[in-house]
Amino acid sequence: MIAELLAKSIRLFSGVQARWIGCKPDSTQRVYFANHTSNLDFLMLWSILPREARRTVRPVAASDYWQKGRIRFFLANSVFRGVLIERQKVTRSNNPLTALVAILKAGESLIIFPEGGRTTDPEMKPFKSGLYYLGRAMPTVDLVPVYIDNASRILPKGEFLPIPLICSVIVGRPIRVQPAESKDAFLIRARTAIENCSRA
Amino acid sequence: MHGLDFRLRAMVGGVFALLIVASIIGHILKLRTKSDNGREVVQNLNARIRAWWVMAIIFFVAIAIGRIASLLLFAAVSFLALREYITLTPTQRGDHRALFWAFFVITPLQYLLIGIRWYGLFSIFIPVYAYLLVPIRNVIAGDCREFLARTSKIQWGLMVCVYFVSYAPALLSLKIHGYQGESGELLFFLVAVVQFSDVLQYVFGKCFGRHPIAPEVSPNKTVEGFVGGLSSAVLVGTLLWWITPFTPWQAAIMSLIIALMGFWGGLVMSAIKRDRGVKDYGTSIPGHGGIMDRIDSLCFAAPIFFHLTRYYFT
């Protein structure tokens, strides 16, 4: 309920424009991966998904950030059903991948930001390898590149008051990990897929 | 009161009659046009006409409710126009707080000042106070890169999207000798002349346009469109003299000034679009582009019309 309300207000506030250039807006199981410049990124991407898809798509977020403070914790857990993963001290027992694969096996979708954190540069940071292992573990799930434009101007990292600009979200053509593809080659291909959306 | 009601009804009736005629012509053209190129133009024309219906209804509802409703409508228009303008303007991280002030403090305050009829302050609030606040807030943010360019972009946005636009509903606060101007006739006069001029420049340009008037800036604007559009706008404005405090001659001169300022406004705002490499400011009005594409001429015409009227008629 709160989530729907937030999605509505963010659409009104920033007039999010969605452009689906590589696939159709439906509730097929997918892993959406996007560039990350603002705390609003997830909300922007989430708000353009069809209502059906919003029910089954879960954001992957850093537990060190989202477990700080009550509001963050409440938003991440109760409102958006976020999957909080450890990004600092990853061990065999808390390997975030296990949780993510379990969610995909249960038929739900994911939103992940493979840069591993928000960037303030115009260029994306190099991708973390999680996306690759996810694609290896679930080879039949589409990995969908998404470029989110202007979110960093609406709410830059370190600011808490948003300004109302028009944001566009561009959804590209799904990719999958090829059988013989190396980790580095795939991660570069995935990054390029987002860059291509930004130019489209 | 009866006289005012009659004028309002006449304005609504006149505009809707024109829109009905336009819709019928649009429909006939749709049936008749066969070529792909022509189809696209007609489709865009029909989208424009449909959007005109919506805009006219919103405008008349606001005018009919009264001064406060009209102020709120134009405040919303300013807010959305500023949003389009800033989206298109490459602002930097260091501008964030100044922009927050622009959207959420300066814009509402400007309309509040008009709402309480504080002419002395609303007429200088943005050119003096906001103009100074923007560089101060930016200098506190500490980023010096392209300081002048960044600051001026925000100042321009506030002047064009907020300050100039706000002069349109400010007309409702003018006290004119022997004329009851609360029900929006002057505002209607301004908006009608500006928009007629725009529409007829488009129509004359499409039908007879041969010689581009400013090929570097706006390839669609032609000498034929300019002459045809402006003279019809003056004709329409003159015929509307009876809803204004003007004599027919005065109405004609006012219309000419409004249409000329509107033409230049459209041209200036086009230059900004051209520089940014886009065709429209947005996509919020089907067929027209963004809000800013629709009100660019109004921005330039409103303050001049307001001050001329205030100087000579109050």
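A residue is called buried here if 20 or more other C-beta atoms lie within 10 Å of its own, exposed if 12 or fewer do, and partly exposed in between, with C-beta atoms placed from the backbone. Keep that scale at hand for the tour.

The model on your screen is predicted: local features need pLDDT of at least 70, side-chain atom pairs count only at pLDDT 80 or more, and totals for chains, interfaces and linings use all residues. Residues are numbered from 1 along each chain as its sequence is written, while chains are lettered from A and ligands numbered from 1 in the order in which they are written.

**Stop 1: chain A**

Select chain A and switch to cartoon. You will find 9 helices and 7 strands; these are DSSP runs (helices H or I, at least four residues; strands E, at least two), numbered from the N terminus. The radius of gyration of chain A, taken over C-alpha atoms, is 16 Å, close to the 16 Å that the globule rule (2.2 Å times the number of residues to the power 0.38) gives for 200 residues, so chain A is as compact as a globular protein of that length. Along the principal axes, its C-alpha atoms fill a box of roughly 45 × 40 × 35 Å. Of the 200 residues in chain A, 39% count as buried.

**Stop 2: strand 6 of chain A**

Now pick residues 142-149 of chain A, which form strand 6. Is this strand enclosed or open? Of its 8 residues, 7 are buried, so strand 6 is largely enclosed by the rest of the structure.

Two strands pair here if DSSP finds at least two bridges between them. Show Tyr32(A), and you will see Val144(A) of strand 6 opposite.

**Stop 3**

Zoom in on Leu45(A). Which residues is it in contact with, leaving aside neighbours within four places in sequence? They are Tyr32(A), Ala34(A), Ile111(A), Val146(A), Ile148(A) and Val169(A). Contact means that the C-beta atoms of two residues, placed from the backbone, lie within 7 Å.

**Stop 4: between the chains**

Show both chains in two colours. Across the boundary, 9 residues of chain A are in contact with 11 residues of chain B. The chain A side has 6 nonpolar, 1 polar and 2 charged residues; Ala, Val, Leu, Ile, Met, Phe, Trp, Tyr, Cys and Pro count as nonpolar, Asp, Glu, Lys and Arg as charged, and the others, Gly among them, as polar.

**Stop 5: chain B**

What remains has 10 helices and 0 strands. The C-alpha trace of chain B spans about 60 × 55 × 30 Å along its principal axes, and 44% of its 314 residues count as buried.

Colour chain B by domain: domain 1 covers 1-65, domain 2 covers 68-173 and domain 3 covers 181-314, with bounds from an automatic or database domain assignment. The centres of domain 1 and domain 3 of chain B, taken over C-alpha atoms, are 17 Å apart. Between these two domains, 11 residues of domain 1 of chain B are in contact with 11 of domain 3 of chain B. On the domain 1 side, helix 2 of chain B gives the most, with 7 residues. By class, that side has 7 nonpolar, 1 polar and 3 charged residues.

**Stop 6: two loops of chain B**

Finish with Arg117(B), in the loop between helix 4 (96-115) and helix 5 (119-141) of chain B. Its phi is near 60°, a positive value in a residue other than glycine. Arg117(B) counts as partly exposed because it has 13 C-beta neighbours inside 10 Å.

Then move to Glu146(B), in the loop between helix 5 and helix 6 (147-170) of chain B. Phi of Glu146(B) is near 45°, a positive value in a residue other than glycine. With 13 C-beta neighbours inside 10 Å, Glu146(B) counts as partly exposed.
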